[in-house]
Amino acid sequence: MLPLVALVFAGDFPEDCLPSVTTLRRGHPEIDVVVGGEDEDALAPLAAKGAVTRAAPSLCALANRVYEETRCHLLLVCEPAVFPDRAVDPALAVAEEHLQTATVSFLSNAAGFASFPEGDRPVSHQISGAGGVDEQVITDRLRHRDPALAMVPLPFAIGPAVLVSGYAASAVGPLAEAVPPAQALADFSLRARRKGFVDLLEPSTFVMRAFDVGHAGEAAAADVVDDWLVARHPEAKALVEETRGDDHPLAISRRAARAKVLGLHVLVDGSRLWPREMGTQVQTVALVEALARRADVDRVAVALGDELPAYAERLARNRKVDARRAKPDELSFFGRIDVAHRPFQPDGPHDVDPLRKVAARTAITLLDLIAYQIGAYHPTVESWMAYRKNVRHAAADFDAVLVLSADVRRSVEIERLPVERDRLFILELGTDHLRGIEPQRTPPALLARDGASEQFLLVIGPNYAHKNRDLAIRAATALRRRGLPMLLVMAGSTVPRGSSRVLEASAWEADDDVVVLPNVSSEERNWLLRHASLVLYLSSAEGFGLVPFEAARFGTPTVLLPVGPLKELADALPAVASDWSAEAVADAAEQLLTDPAVADKQVAAILASDVGQTWDATAAELVRVYRSTLARPRRISTSGW
């Protein structure tokens with residue numbers, strides 16, 4: 001491993017070098033800092049700070065002499081700069097690991113086309129919008145917020161500080177001494193490129209160009225590509241121009257770094273925040289609130305299809321949430337967006353292009369593939385085929401595809417949907433949106449009965465066939481025959497196709513005591529979950545399954561089957577139905593109804609399950625997915641797939 005020497009040139013104002021020398025010595029006490037100048041006696045204050053002083057006419061001349069003497073890596077400090085702790089570690093590591101590396105540059109507020117946070121727009125002060133942070137805080141955020149950012153190819157070395165590989169110098173030769181350091185480094189890089197070397201940006205370190213220190217002022221922002229450089233390297237201008245494209249690796253890396261430092265700007269499609277609160281609405285509101293709680297999320301825009309419904313009105317009071325009515329093709333008033341996320345099923349024709357016009361990247365959630373696989377849920381075969389096509393297009397077109405469980409991912413893979421593994425993410429939902437203390441109201445249909453406090457079994461959810469409401473009726477009948485007569489309440493919307501109507505009618509016996517509640521409010525749902533003796537959740541297909549967790553928050557146990565994403569949860573429960581027969585469901589229900597200790601263990605196991613996490617944990621993973629997506633190239637639209 002080659003040693004590293006940092007080189008600083010004092011010029012006419014040696015005191016300008018003090019911030020560079022002191023921050024380098026503090027952050028890297030193990031390396032030598034050499035300060036050159038034409039009058040070595042004037043460098044005494046820098047020697048007092050631990051620098052080695054040398055007489056030299058220029059920075060490049062100093063670099064060539066030190067390299068000839070040491071054959072080491074060189075860190076050239078071209079302008080007065082302030083360094084974070086351990087600034088050079090990642091750059092030095094890549095120079096040692098990949099010997100074809102010629103130079104490594106750093107993120108900086110003044111680095112020409114590689115400036116941060118906006119290319120070609122050097123800023124002379126701490127980055128606006130970052131809360132007054134300095135080079136250390138910025139570097140900490142870049143290094144410690146997932147995911148790690150990969151090195152980025154550059155046209156040539158640039159910025160206030162550049163690491164020159166000693167290995168590359170042995171092949172390329174000395175730096176030009178007749179031109180300023182910026183041009184000499186660019187020339188070195190382009191000569192190295194001809195030999196197969198590469199120049200890299202190290203995007204996890206921020207070096208601050210101190211404009212209030214030094215007499216070069218705005219000269220640091222000058223264009224490096226001058227006549228001298230173009231005469232020697234005609235390709236220089238084209239290489240720089242290429243960096244200005246949105247999909248250039250530099251632009252991608254800068255965008256991902258900006259999201260880490262300044263915070264994410266997220267747009268959530270809230271067009272499904274309908275008046276009735278169901279699973280999609282629960283997860284959308286919970287996601288928005290959890291994202292807004294994060295310090296690394298600066299703003300959450302919500303594009304509404306209508307006014308906020310009552311259950312979501314609190315979003316309007318959140319200072320980080322910007323919820324407004326918006327048409328799909330009129331989203332520009334939300335301003336800069338990093339990721340636009342559609343957190344619901346692509347059950348209609350989708351157009352990703354309006355989202356791409358305002359967002360750097362796009363994401364969509366596939367809740368499940370139930371309607372993709374069940375034709376009976378569609379009015380015609382043609383409409384089913386259209387639905388399947390919409391799902392495939394969404395999988396192909398969005399930059400990130402999120403699924404709610406490993407089971408849904410398995411279905412995506414079995415169906416061979418056009419989504420690569422690096423675009424497919426599992427996002428398990430939080431389960432703490434209900435705490436068991438929410439407002440409640442007795443459903444009028446139960447209030448009208450003689451004594452609304454009677455014991456009852458609860459089925460909650462729409463009457464899709466896969467919810468097996470007919471099985472709940474048969475299980476309630478089996479319990480009655482065992483001496484456990486109980487009211488059965490079936491709450492949930494009525495679906496137009498693919499329902500369990502016929503099966504329910506077949507299972508219904510004359511003396512069955514069943515109440516059907518086709519529409520319940522959020523408060524009525526809370527009352528039902530709190531007062532039910534037992535919830536029957538007998539679904540045979542699920543994307544995630546929130547109901548058992550919601551019931552447990554109110555202290556109510558659930559009978560379920562080990563299907564799909566519920567298998568891991570079922571493995572931890574003392575009472576689980578072994579199959580979809582009335583007797584198997586009645587066996588599990590009887591345990592919970594007759595033994596309070598078993599019921600308590602059932603609730604405790606559900607609440608303690610790793611399957612049910614907090615929404616804050618969900619948001620943390622979602623932010624990681626967003627930043628990972630920002631760090632990759634944009635997905636090319638495949639609308640003709």
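Begin by selecting Arg86, a residue of the loop between S5 and helix H4 (89-97). The structure on the screen is a predicted model. Although Arg86 is not a glycine, its phi is positive, at about 55 degrees. With a relative accessibility of 31%, Arg86 counts as partly exposed.

**Stop 1: helix H5**

Next, select residues 135-144, which form helix H5. At the start of this helix, display the side chain of Asp134: one of its oxygens comes to within 3.1 Å of the backbone nitrogen of Gln136.

Now colour Glu135, Ile138, Thr139 and Leu142, which are the buried residues of H5. Turn the view until it runs down the axis of H5; the buried residues fall within an arc of 95 degrees, so they line one face of the helix.

Which elements do the buried residues of H5 pack against? They pack against strand S5 (81-82), strand S6 (101-108), strand S9 (198-209) and H10.

**Stop 2**

Two packed helices are described by the angle between their axes and the distance between the axes.

**Stop 3: Thr205 in strand S9**

Move to Thr205, which belongs to strand S9. Is this residue buried or exposed? Thr205 has a relative accessible area of 0%, so it is buried.

Display its side chain and look for two partners. The side chain of Thr205 lies 3.4 Å from the backbone oxygen of Ala87, and it also makes a polar contact of 2.5 Å with the side chain of Glu202. Beyond its neighbours within four places in sequence, Thr205 has contacts that include Pro84, Phe106 and Leu107. Thr139 and Leu142, both buried residues of H5, are also among the contacts of Thr205.

**Stop 4: two cis peptide bonds**

Select Phe116 and Pro117, which are joined by a cis peptide bond with omega of about 15 degrees. Pro117 is situated in the loop between S6 and H5.

Then go to Asp146 and Pro147, where the peptide bond is also cis, with omega near -5 degrees. Pro147 is part of the loop between H5 and strand S7 (152-154).

**Stop 5**

Select Leu487, a residue of strand S18 (residues 487-491). Between the C-alpha atoms of Leu487 and Phe106 the separation is 69 Å, and the two residues are 381 residues apart along the chain. Leu487 has a relative accessible area of 3% and is buried. Apart from neighbours within four places in sequence, its contacts include Leu446, Phe456, Leu457 and Val514.

Finally, select Asn468 in the loop between strand S17 (456-460) and helix H17 (469-481). Asn468 is not a glycine, yet its phi is positive, at about 60 degrees. How accessible is Asn468? Its relative accessible area is 14%, so Asn468 is buried.

Terms used
Residues numbered from 1 in each chain as written. Predicted model: local features only at pLDDT ≥ 70, side-chain atom pairs only at ≥ 80, totals over all residues. Heavy atoms only, no water. Axes fitted to C-alpha atoms, helices over the stretch in contact; angles between N-to-C directions. Helix = DSSP H or I, 4+ residues; strand = E, 2+ residues; numbered from the N terminus. Buried < 20%, exposed > 50% of the residue type's maximum accessible area, 1.4 Å probe, protein only. Arc of directions from axis to C-beta. Contact = heavy atoms within 4.5 Å. Polar contact = N/O pair within 3.5 Å; in protein donor to acceptor, adjacent residues only side chain to side chain.
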